[in-house]
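Please read this note with the model open beside it. The points can be checked one at a time.

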Amino acid sequence: MITCFDIGGSFIRHGEMQLDGTVAETARVETPRDNWTDFIHAVGQSSGEAGSPISISLAGAYDERTGIADVANIPCLHGRYVQRELSDALNRPVAIINDANAFALAEAVDGVGNGKPVVFGVILGSGVGGGLVINGDLVNGFGGMAGEWGHGPIVDPTAGGKFSGIEHYACGCGQVGCVDATGSARGMERIHASLHGKTLSSKEITSAWHRNDPSGTETVEVFTTLLSRALSVLVNTLGPDVIPVSGGLSNDTKLLELIDKKTRALVLAHYSAPLVVRGQFAENGGLHGAGIFARRNLGNVHS
Ligand SMILES: [Zn+2]
């Protein structure tokens, strides 16, 4: 029996992998963020019978080559060899995969990218992330950072002079002008505040856009332009067959359609079908991807 975990800054979700490879969430607990002993206990109490393996989708940077994790929202993991230390503490095999990679793997193997050579999974939520799968294999890259297209100071806040008045935002990674700082739900809220002087949630902004409210429409226009410009470089570089999306913003079909339309208009290849689409595992990519990762990395384990 393999227990799969989806560990984020708010919750530790878990479920057991079924014989058909699916993993449904069976329970969740709040994530102990500041105390390593409490963290071990929270994972251990949900890990099934003694010695059985666990597979974890982790919301943060995880370098498989060094085994070191750096999760901004869970300080007690900072700089730890999480895989080895958890395995020693719980006395069971442990596999760990970054959450965006887990989502990309889930889509490439069992989702909208099934059978497609190049799948780039994108997270559009409180931050911007991604994961790259080529011919069914995850690409971790140097430092485990492949797919992290949300960082790098590339955003032109005027979008080439088409817009003015929005700020050049500081990003959590320490740089200024990252896609993460404008292309996330938080980024949309910042753009709206900058353009219109009002603090609204991303949901309120997209709702206003759906009602054809002029200020909401302008914010979404700026937001999707900045995002699709960054995506277009990624598409020309990687040549993805599909870009499945998860994260809170992926729930808005019309928003994804607009991002897809703008992105396809900016790239060199001709995509006749939608490229940027909601992922089949948009809600459950962490657990499902952790399950696939476990089957590939935990040896002869049986579900
Ligand atoms: Zn950044």
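1. Basis of the note. This is a predicted model, in which local features need pLDDT of at least 70 and side-chain atom pairs count only at pLDDT 80 or more, while totals for chains, interfaces and linings use all residues. Residues are numbered from 1 along each chain as its sequence is written, and side-chain values use heavy atoms, with hydrogens and water left out.

2. Overall form. The protein chain contains nine helices and twelve strands; these are DSSP runs numbered from the N terminus, helices being H or I with at least four residues and strands being E with at least two. Its C-alpha trace spans about 60 × 40 × 35 Å along the principal axes. For 303 residues, a compact globule would have a radius of gyration near 19 Å, and the protein chain agrees, with 19 Å. That radius is taken over C-alpha atoms, and the globule rule is 2.2 Å times the number of residues to the power 0.38.

3. Surface and contacts. Of the 303 residues in the protein chain, 52% are buried. Here buried means under 20% relative accessible area, exposed means over 50%, and partly exposed is in between (1.4 Å probe, protein chains only). The protein chain exposes about 13300 Å², and carbon and sulfur atoms supply 50% of that area. Accessible areas come from the Shrake-Rupley method with a 1.4 Å probe, and for residues only the protein chains shown count as cover. Among contacts (heavy atoms within 4.5 Å) between residues at least 6 apart in sequence, 64% join residues at least 24 apart.

4. The zinc site. Which residues hold the zinc ion? Its protein donors are H151 (ND1), C171 (SG), C173 (SG) and C178 (SG), at 2.1 to 2.4 Å. Donors are N, O and S atoms within 2.8 Å of the metal (3.2 Å for Na, K and Ca); water is not among the atoms, so sites may look incomplete. Along the chain the donors follow the spacing H-x19-C-x1-C-x4-C. H151 and C171 both lie in the loop between β10 (137-139) and α4, so this pair ties together parts that are 20 residues apart in sequence.

5. Geometry and cover at the zinc ion. The site is tetrahedral, with angles of 98 to 127 degrees among the four donor atoms. Four donors count as tetrahedral if all angles lie between 85 and 135 degrees. H151 is partly exposed, with a relative accessible area of 35%, whereas C171 is buried at 10%.

6. The core. The largest nonpolar core has 41 residues, and L124 and W149 have the most contacts inside it. Such a core is a set of buried Ala, Val, Leu, Ile, Met, Phe, Trp, Tyr and Cys residues joined through side-chain atoms within 4.5 Å. Elements supplying at least two residues each include β8 (118-124), β9 (128-134), α5 (185-196) and α8 (253-266). Helix α7 gives the largest share, nine residues. In soluble globular proteins, nonpolar side chains tend to be buried together.

7. Two residues inside. Not counting residues up to four places away in sequence, L124 touches W149, L227, V245, L256 and I259, among others. S228 sits in helix α7 and is buried, with a relative accessible area of 1%. Leaving aside neighbours within four places in sequence, S228 is in contact with I259, K262, T263 and L266.

8. Most residues other than glycine have a negative phi. N91, although not a glycine, has a positive phi of about 55 degrees. N91 is in the loop between α2 (82-90) and β7 (94-98) and counts as exposed at 63% relative accessibility. N135 is not a glycine either, and its phi is positive at about 50 degrees. N135 lies in the loop between β9 and β10, where it is exposed at 60%.

9. S164 and L138 are 26 residues apart in sequence and 39 Å apart in space, C-alpha to C-alpha.

Note on methods:
Four donors count as tetrahedral if all angles lie between 85 and 135 degrees; four count as square planar and six as octahedral if opposite donors are over 155 degrees apart and all others between 65 and 115; anything else is irregular.
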